[in-house]
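Reader: I've got a new model on my screen and I'd like to learn how to read it. Could you walk me through it, feature by feature?

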Amino acid sequence: MKVVTGVVGNDIHVVANRLIELSLQARGFEVFNLGVNTYLEEFIDAVIETNADILLISSLNGEAEGWARELRILKAQYGNLLDNVVFMIGGNLVVGTGSADDIVPRFKNYGFDLVFHQVDLNTGLDELEKFMEGRK
């Protein structure tokens with residue numbers, strides 16, 4: 001399976017981004033890493049260009065909410081080109097404090113299928129694999 005990944009917005013956490021890439025590759029995914037400081041539109045374009053199965057966005061500085069809240073609008077603009085893509089986001093998703101009970105539904109409302117706020121990388125990737133297995 002193909003995965004487009006990277007860090008959204010004004011976030012320069014390149015080491016964590018590289019760890020995500022290596023972890024995905026170790027699990028057998030074909031990875032297209034857009035790096036850091038990536039706009040939502042760039043992610044969507046890369047998903048279409050690579051015919052990716054999964055978009056995995058990360059955020060460590062907590063600014064994901066400001067950068068990713070328009071996902072549902074962008075998905076609608078691209079019509080059925082994104083219908084089979086799994087949209088996942090993880091990391092530290094908001095500035096300040098907040099519970100996953102509040103944050104996860106908010107991001108699902110933005111259009112993400114899988115949301116992991118302050119969850120260990122391997123736990124999140126385990127859940128991604130279970131989710132993908134359930135779609136077969």
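Author: Let's start with the largest pocket, which has a volume of about 230 Å³. Keep in mind that this is a predicted model.

Reader: Which residues lie nearest the centre of the largest pocket?

Author: Ile20, Gly90, Gly91, Val119 and Leu121 lie nearest the centre, out of 17 residues that line the pocket. If you think in elements instead, those giving two or more residues to the lining are α1 (14-26), β3, β4 (86-91) and α6 (121-135).

Reader: And which element gives the most to that lining?

Author: That's β3, with 4 residues.

Reader: How does the lining of the largest pocket divide by class?

Author: There are 11 nonpolar, 5 polar and 1 charged residues in it.

Reader: What lines the second largest pocket?

Author: This one has a volume of about 160 Å³. Its lining includes Val47, Ile48, Asn51, Ala52 and Asp53, and also a run of residues from Asn80, Leu81, Leu82 and Asp83 to Asn84 and Val85. By class, the lining divides into 6 nonpolar, 3 polar and 2 charged residues.

Reader: Asn51 is in that list. What is its phi?

Author: Phi of Asn51 is near 60°, a positive value in a residue other than glycine. You'll find Asn51 in the loop between α2 and β3 (54-59).

Reader: Is Asn51 buried or exposed?

Author: Asn51 is exposed, because its relative accessible area is 59% and the cut-off for exposed is over 50%.

Reader: Which loop holds Asn37, and what is its phi?

Author: Asn37 sits in the loop between β2 (30-33) and α2 (40-50). Its phi is positive, about 55°, although Asn37 is not a glycine. With a relative accessible area of 37%, Asn37 counts as partly exposed.

Reader: On to aromatic rings. What describes a pair of them?

Author: Two things: the distance of the centres and the angle of the planes. This structure holds 3 aromatic pairs. One of them is Tyr39 with Trp67, at 5.3 Å centre to centre and 65° between the planes, which makes the pair edge-to-face.

Reader: Where do Tyr39 and Trp67 lie?

Author: Tyr39 is in the loop between β2 and α2, while Trp67 is in helix α3 (residues 64-68), so the pair ties together parts that are 28 residues apart in sequence. Tyr39 is partly exposed, at 44% relative accessible area. Trp67 also counts as partly exposed, with a relative accessibility of 25%.

Reader: How far apart are the ring centres of Phe107 and Tyr110?

Author: They are 5.2 Å apart, centre to centre, and with 70° between the planes this pair is edge-to-face. Both residues belong to helix α5 (residues 100-110), and because they are 3 residues apart there, about one helical turn separates them.

Reader: Are Phe107 and Tyr110 buried or exposed?

Author: Phe107 is buried, and Tyr110 is buried too. Ring pairs also link these two with Phe112 into a cluster.

Reader: Last one. What does the UniProt record say about residues 1-136?

Author: The unreviewed UniProt entry annotates them as "domain: B12-binding".

Terms used
Residues are numbered from 1 along each chain as its sequence is written. This is a predicted model: local features need pLDDT of at least 70, side-chain atom pairs count only at pLDDT 80 or more; totals for chains, interfaces and linings use all residues. Side-chain values use heavy atoms; hydrogens and water are left out. UniProt positions are given in the numbering used here, feature names are shortened, and annotations may be inferred rather than shown by experiment. Buried means under 20% relative accessible area, exposed over 50%, partly exposed in between (1.4 Å probe, protein chains only). On a 1 Å grid over the protein atoms alone, a cavity is a set of points where a 1.4 Å probe fits but cannot get out, and a pocket is an open set with protein on both sides within 12 Å along at least five of seven lines; lining residues have an atom within 4 Å of a point. Grid points are joined across faces, edges and corners, and a volume is the space filled by probe spheres set on the points. Ala, Val, Leu, Ile, Met, Phe, Trp, Tyr, Cys and Pro count as nonpolar, Asp, Glu, Lys and Arg as charged, and the others, Gly among them, as polar. Rings of Phe, Tyr and Trp (its six-membered ring) pair if their centres lie within 6.5 Å; planes under 30 degrees apart count as stacked, over 60 as edge-to-face and the rest as tilted.
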